[in-house]
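Thanks for asking me to look this one over.

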Amino acid sequence: MAERVRITDVAPRDGLQGEPAPVSTADKRRLITALQDAGVDAIEVTSFVRPDLIPQLADAGELVASLAEVKRPGIEYIALVPNERGLVGALAANDAAGSRVIDTIAVFASASETFSQKNINTDIDGSLERFEPVIDRALTEGLRVRAYVSCVIACPFEGVIDPEDVGSLVLRLAELGAHEIDLGDTIGAGDEATTAMMLTEVMGTLGDSDLLPALTLHPHDTFGRASDCVRAALDLGLRSFDGAAGGLGGCPFASTPQRRAPGNIATSTLRRTIEAAGFETSIDPSKLAIADAVASRILADASARSIGDAS
Ligand code: HMG
Ligand code: MG
């Protein structure tokens, strides 16, 4: 029997966070419902971050409370939290929902000092100091912890990142207790060779310790090479990937004046790549097409509404 590979859809969070036209809470819930109907293993539903910086996700608490009635058993819901304030928001949202809607919190570090400053307003050491109490409390509350490392191949401001810097940051996050490390190729700079080099370094660094967090790859598809990176990662034993319905997404703090931050690999492309490589996923392609259609419709509606409001 073919080996199973896990897929997390990040469209409701990474996909929407940079969209300028406001998407309603009800539409976000529709997208999340369509994604879980399509059979993804996990969904990144929102972020508990500063609403003035990411206004699109300012409804995080309200959204989470409203998801209690749609969440199916067995699916994992993830929310990003950058600090203790974010964790408190996520825990309060679970309380308001009356059940554990958020199973996993995701902290987010970067292998690039400049990107760390631009994204979360602190350097790499400062981010780890912030995450330590967050991870401790999340573990005490029985939540799973995912830890992102952004810019694992290159940074939009600093250029190429040394794989050793990625390896040492991954180790520090694993030592803090993260169950899963999510390796973000934030600007889609990777190819087969650089992805393999980075992963080999990360696995070697973790292999020298007793720590074995699950590894996930989070590719963005700027230059159409994300599938090559996924194949390289499968060859090296990774069995968990992030994609986004419709290929939406990108971190606003990775945008430069010349280029808006690129989208994630489309979950449909990710599924095809994984299955063509001889693995199984839990996704039903016809239902995923419905989720893709829901994603494009809600963005079209949001943008039509915002043009209407402005005129
Ligand atoms: P800061 O300004 O340094 O925080 O923000 P602070 O502690 O100095 O607080 C300043 C004010 O913000 C205070 O308000 C806090 O209460 C408030 P005041 O008392 O002055 O009225 N505040 C908050 N409000 C709501 N929620 C919070 C929160 N924290 C403080 N959690 C912070 C630091 C990290 C919070 C800020 O920079 C931020 O929210 N950044 C947003 C970062 C973000 O969401 N980036 C996109 C996601 S990362 C990504 O997309 C990459 C990824 O996909 C992987 C990849 O592709 O590589 C994950
Ligand atoms: Mg991303």
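1. The sulfur of Cys229 lies 15 Å from the closest cysteine sulfur, that of Cys151, so the two are too far apart for a bond. A disulfide here is a pair of cysteine sulfur atoms within 2.5 Å, and by this rule the count is zero. Cys155 is in no disulfide either: its nearest cysteine sulfur, in Cys151, is 4.5 Å away.

2. Please keep in mind that this is a predicted model, in which local features need pLDDT of at least 70, side-chain atom pairs count only at pLDDT 80 or more, and totals for chains, interfaces and linings use all residues. Residues are numbered from 1 along each chain as its sequence is written, chains are lettered from A and ligands numbered from 1 in the order in which they are written, and side-chain values use heavy atoms, with hydrogens and water left out.

3. Are Cys155 and Cys229 buried or exposed? Cys155 is buried, at 3% relative accessible area, and Cys229 is buried at 2%. (Buried means under 20% relative accessible area, exposed over 50% and partly exposed in between, with a 1.4 Å probe and protein chains only.)

4. Which residues hold the magnesium ion (ligand 2)? Asp14 (OD), His218 (NE2) and His220 (NE2) coordinate the ion at 2.1 to 2.4 Å, and along the chain these donors follow the spacing D-x203-H-x1-H. Donors are N, O and S atoms within 2.8 Å of the metal (3.2 Å for Na, K and Ca); water is not among the atoms, so sites may look incomplete. Both histidines, His218 and His220, are buried.

5. Around ligand 1 there are 27 residues, of which Gln17, Arg50, Arg85, Ser150 and Thr186 come nearest; a residue is near if one of its heavy atoms lies within 4 Å. An oxygen atom of ligand 1 is 2.5 Å from a side-chain N or O atom of Thr186.

Terms used
Polar contact = N/O pair within 3.5 Å; in protein donor to acceptor, adjacent residues only side chain to side chain.
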